Amino acid sequence: MERISIFQLFTMTVFLQVGTTVIFGFGSPAGRDAWLAILISTFIGIILILLYTFLMEMNPGLTLVEWFPAQFGRWLGIPLAWLYPLLFLYCTGRIFSDLKALVPSTMLPGTPSWFVVIAMLIVIVYCLYSEIEVLARFTEYLLPILFFLFMIEIILLFSSGLVHFQNVQPILGHGWENVWKVVWPTGITQTFGETLTLAMIWPTVKNMKKIRKTTIVATMVSGFTISIFSLMEVLVLGEDIVGRTMYPFYVLIRQITMGDFLENLDAMAALNMIITAYIKATVYLFAAVRSIQLLMNISNNHFLILLSAFITYFLGLTMSTNINEHNYVGSYIFPLTIWVPLLLILPMLLLVVALIRKKWSSPSNNQL
């Protein structure tokens, strides 16, 4: 079985959490206080990750979909476990749907949507055939490059004289209501609750004892990164423009200009977006394939990779008719109806059952 290092787990966690969030953001309803809503979401997300890692420790050596049969029994546990590969497939389809709208409207106007999706999917399938260890090594080298680009972009924004600190004042000028609307449920689930996907990978980590600490540190890095760029978007563009912009990160980077020498850095923004979306989609599709493989007890996953790729390709092209509908479902319907039950309620219920089973199976109770 392939093994990944602690640093590789760190890089994969950051990529999964930052993912498409830094591109589209989820804090715009909070206006100038979006950065604050993201920091609060990060803190609550760390508490949620503590829950996930406690479940991991109570089910040693098992993946997410194996936790449920282990605690609930096969008759109830397996049907519940099947909800997660369906979730992973759907989330992969949503990423493809993001890309089919993003790429033709920004970087490559006129490019057919089907071509954008299938080009990304071919690369992902190739990576999955090479096993998760290859993706882990890829993220290990790629994350420092990505953060180097982030630092360069922030330096260039300040150097261009585009930053206006009055855009963020007064802090909490609209009160806490809009901030909490961002935090619950989207802020908690969209970025940090999705970390549960990595429970399909945790058993392959070489040093299991460091998973909790590594994941929490990665979460802090991700939350700080997303918060910084949300703050920069408001400082440069203003909350009105950010609230009306579909891709605030892309618009932000396009503002960089230094005389006639450095301007229109579309390629840098595009590189950020493609890299993060690719890693996140690959992790999700791996989790889906691995889940189905374990639940169906299949030794060879090559057919499952192709089948899952076909399903996500179809979902990516058909799940929404336009970007506004897609964002509305992702921001207002999907979090409450899908993410909250699967990323919050079921894990909490699983923890309660695991604690009860552990108590009743303790030596003192057996002696009674």
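## A tour by selection

Select Phe-68 and Phe-72 to begin: both sit in helix H4 (residues 64–72), four residues apart, about one turn of the helix. The model on screen is a predicted one. Both Phe-68 and Phe-72 are buried.

**Aromatic rings**

The structure holds 13 aromatic pairs. Phe-68 and Phe-72 make a stacked pair, because their ring centres are 6.0 Å apart and their planes meet at 20°, and planes under 30 degrees apart count as stacked.

**Arg-212 and its two partners**

Next, select Arg-212 together with Phe-54 and Glu-57. What does the charged end of Arg-212 sit over? It sits over the ring of Phe-54, 4.4 Å from the ring centre. Arg-212 also forms a salt bridge with Glu-57, in which the closest N and O atoms are 3.0 Å apart.

A search of the whole structure finds five salt bridges, and the one between Arg-212 and Glu-57 is among them.

- Select Glu-194 and Lys-280. Their salt bridge has its closest N and O atoms 3.2 Å apart. The pair links distant parts of the chain: Glu-194 is in the loop between H9 and H10, while Lys-280 is in helix H13, 86 residues apart. Is Glu-194 buried or exposed? Glu-194 is buried, with a relative accessible area of 3%. Lys-280, at 4% relative accessibility, counts as buried too.
- Select Lys-181 and Glu-177. Their side chains meet in a salt bridge at 3.6 Å, N to O. Both residues lie in helix H9, four residues apart, about one turn of the helix. Lys-181 and Glu-177 are both exposed.

**Cis peptide bonds**

Stay in helix H9 and select Trp-184 and Pro-185. The peptide bond from Trp-184 to Pro-185 is cis, with omega near -5°, and Pro-185 is found in helix H9. Then move to Gln-169 and Pro-170, where another cis peptide bond joins the two residues, with omega about -5°. Pro-170 is placed in the loop between helix H8 (132–159) and helix H9 (177–192).

**Positive phi in two loops**

Select Glu-131, in the loop between H7 and H8. Its phi is near 80°, a positive value in a residue other than glycine. With 32% relative accessibility, Glu-131 counts as partly exposed.

Then select Asn-297, in the loop between helix H13 (266–296) and helix H14 (302–318). Asn-297 is not a glycine either, yet its phi is positive, at about 55°. Why does Asn-297 count as exposed? Its relative accessibility is 71%, and the class exposed begins over 50%.

Ile-118 is in helix H7 (residues 113–129). Ile-118 counts as partly exposed because its relative accessibility is 32%.

**Cysteines**

Finish with Cys-91 and Cys-127. How many disulfides does a search of the whole structure find? It finds zero. The cysteine sulfur closest to that of Cys-91 is in Cys-127, 19 Å away, which is too far for a bond; a disulfide needs the sulfur atoms within 2.5 Å. Cys-127 is likewise in no disulfide, its nearest cysteine sulfur being that of Cys-91. As for accessibility, Cys-91 is buried, with a relative accessible area of 5%, and Cys-127 counts as buried at 8%.

Definitions and conventions. Residues numbered from 1 in each chain as written. Predicted model: local features only at pLDDT ≥ 70, side-chain atom pairs only at ≥ 80, totals over all residues. Heavy atoms only, no water. Buried < 20%, exposed > 50% of the residue type's maximum accessible area, 1.4 Å probe, protein only. Phe/Tyr/Trp six-rings, centres within 6.5 Å; stacked < 30°, edge-to-face > 60°. Lys NZ or Arg CZ within 6 Å of the ring centre and 35° of its normal. Salt bridge = Lys/Arg side-chain N within 4 Å of Asp/Glu carboxyl O.
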